Amino acid sequence: MAAGPGLLLVAGSFAAFRLLNRALERALPPPPSARSNRWKWRNIWTSLAHSLVSGGGAAGFCLYPGLSDDLVGTHPPGAHSLVAVSVGYFLEDFMDMLCNQKLRQSWELLFHHSVVIVCFGIAVVLHQYVGFALVALLVEINSIFLHLRQILLMANLAHTTCYRLNSVINLGTYVVFRIATLAWMTRWLYLNRENVPPAAYAVGTVGMAIMMPMNIILFYRLLRSDFFRSSRDVQREKEK
């Protein structure tokens, strides 16, 4: 199948998220506590929009009959487009961070995005492994609450009931939709290593080897910050 339409969708998604990012400056002006970091305020809301679309879409598509039996060649109609849209978003977010944030503050996310862009890009170009990419997009369900957490922090609402409730949901969905999902993907790769071409297997294995430690470290940081934190930790996170 031709890669052209998928790449056009990636470009269109990049442009759409870039326009959304700019439009949010007027639609959702930052509160006084976030005015010193306007680009970050827009960035988080843009990321939240992507998580709602991709996480919700992935959850629906993963119910497609037969998908769990064949993550390589089987995928429901529209799933390829969803993965292409996500590639466009990650490219836009990569550029936004690169232009607006110091490298020492953003290198982990830039590295994360690079891995995702390569892995999802292969699925878009080859029209293969789309099902595997869909499973990976389930982590965006948790990202909804990660982004809400950051919004509440920037709005100086870290001591509210809403923040505490979001913290509990965030950790719960983190375990289910991030750690458990990535563990399942790692297991699938291992069990199907004979059926996956060496190059694709190498990319997937390296990707999982990078993502698992990064997500475990982030889980520890969230646990420490939201349940064993000091006021200094809250202020430090708000300024990131």
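Trainee: How many aromatic pairs does the structure hold?
Mentor: This is a predicted model, where local features need pLDDT of at least 70, side-chain atom pairs count only at pLDDT 80 or more, and totals for chains, interfaces and linings use all residues. Residues are numbered from 1 along each chain as its sequence is written, and side-chain values use heavy atoms, with hydrogens and water left out. Rings of Phe, Tyr and Trp (its six-membered ring) pair if their centres lie within 6.5 Å. The count of aromatic pairs comes to six.

Trainee: Is the pair of Phe17 and Tyr89 stacked, tilted or edge-to-face?
Mentor: Check the angle between the planes: under 30 degrees is stacked, over 60 is edge-to-face and the rest is tilted. Phe17 and Tyr89 sit 5.3 Å centre to centre with 65 degrees between the planes, which makes the pair edge-to-face.

Trainee: Which helices does that pair link?
Mentor: Helices here are DSSP runs of H or I with at least four residues, strands are E runs of at least two, and both are numbered from the N terminus. Phe17 and Tyr89 are 72 residues apart. They sit in H1 (residues 4–27) and H3 (residues 79–100) respectively.

Trainee: Is Tyr89 buried or exposed?
Mentor: Buried means under 20% relative accessible area, exposed over 50%, and partly exposed in between, using a 1.4 Å probe and protein chains only. Phe17, at 10%, counts as buried. Tyr89 has a relative accessible area of 4%, so Tyr89 is buried.

Trainee: What about Phe132 and Trp188, stacked or tilted?
Mentor: The two link distant parts of the chain, Phe132 in H5 (residues 130–137) and Trp188 in H7 (residues 161–191), 56 residues apart. Phe132 is buried at 13% relative accessibility, and Trp188 is buried at 9%. Their ring centres lie 5.4 Å apart and the planes meet at 40 degrees, so the pair is tilted.

Trainee: Which residue lies over the face of Tyr190?
Mentor: For a charge to sit over a ring, NZ of Lys or CZ of Arg has to be within 6 Å of the ring centre and within 35 degrees of the ring normal. At 4.1 Å from the Tyr190 ring centre, the residue is Arg193.

Trainee: Which helix gives the most to the nonpolar patch?
Mentor: H3 and H4 (103–126) each supply at least two residues, but with three residues the top contributor is H4.

Trainee: Zooming out, what is the radius of gyration of the protein?
Mentor: The secondary structure is nine helices and zero strands. The globule rule, 2.2 Å times the number of residues to the power 0.38, goes with a radius taken over C-alpha atoms. For 240 residues the rule gives 18 Å, and the protein comes close to that, so it is as compact as a globular protein of that length, with a radius of gyration of 18 Å.
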